[in-house]
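Let's take a friendly walk through a protein model together. Have a look at it first, and then we will follow a few of its residues.

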Amino acid sequence: MKIVDKIALVLIIIGAINWGLIGIFNFNLVDSIFGTMSVISRIIYGLVGVSGLWGIKLLFDD
């Protein structure tokens with residue numbers, strides 16, 4: 001597995017955990033740590049989104 005794939009997978013997991021916390025406990029971990037829609041939060045959300053798109057590629061790799 002390439003390093004880019006591993007980074008994308010870690011970011012996908014972080015995003016999934018954050019969404020799980022939002023759904024179950026109504027608690028947004030990223031916003032709690034970095035501030036509601038701060039620049040850093042927006043960068044993290046953007047990276048998680050791009051990683052999700054990269055994850056589609058991982059589905060079709062052998």
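Which residues does Ser-51 touch, not counting residues up to four places away in sequence? The answer is Ala-8, Leu-11 and Ile-12, where a contact means heavy atoms within 4.5 Å. Ser-51 itself sits in helix α3, which covers residues 39-60. Helices here are DSSP runs of H or I with at least four residues, numbered from the N terminus. With a relative accessible area of 5%, Ser-51 is buried. Buried means under 20% relative accessible area, exposed means over 50%, and partly exposed is in between, using a 1.4 Å probe and protein chains only.

A word on the background: this is a predicted model, in which local features need pLDDT of at least 70 and side-chain atom pairs count only at pLDDT 80 or more, while totals for chains, interfaces and linings use all residues. Residues are numbered from 1 along each chain as its sequence is written, and side-chain values use heavy atoms, leaving out hydrogens and water.

Now let's turn to charged side chains. A search of the whole structure finds two salt bridges, each being a side-chain nitrogen of Lys or Arg within 4 Å of a carboxyl oxygen of Asp or Glu. In one of them, Lys-57 pairs with Asp-5, with the closest N and O atoms 3.8 Å apart. This pair links distant parts of the chain, 52 residues apart: Lys-57 is in helix α3 and Asp-5 is in helix α1 (residues 3-25). Asp-5 is buried at 5% relative accessibility, whereas Lys-57 is partly exposed at 26%.

Lys-57 also forms a salt bridge with Asp-61, where the closest N and O atoms are 2.5 Å apart. Asp-61 is partly exposed, at 39% relative accessible area. Together, Asp-5, Lys-57 and Asp-61 are linked in a network of salt bridges.

Technical notes:
Helices (H or I, at least four residues) and strands (E, at least two) are DSSP runs, numbered from the N terminus.
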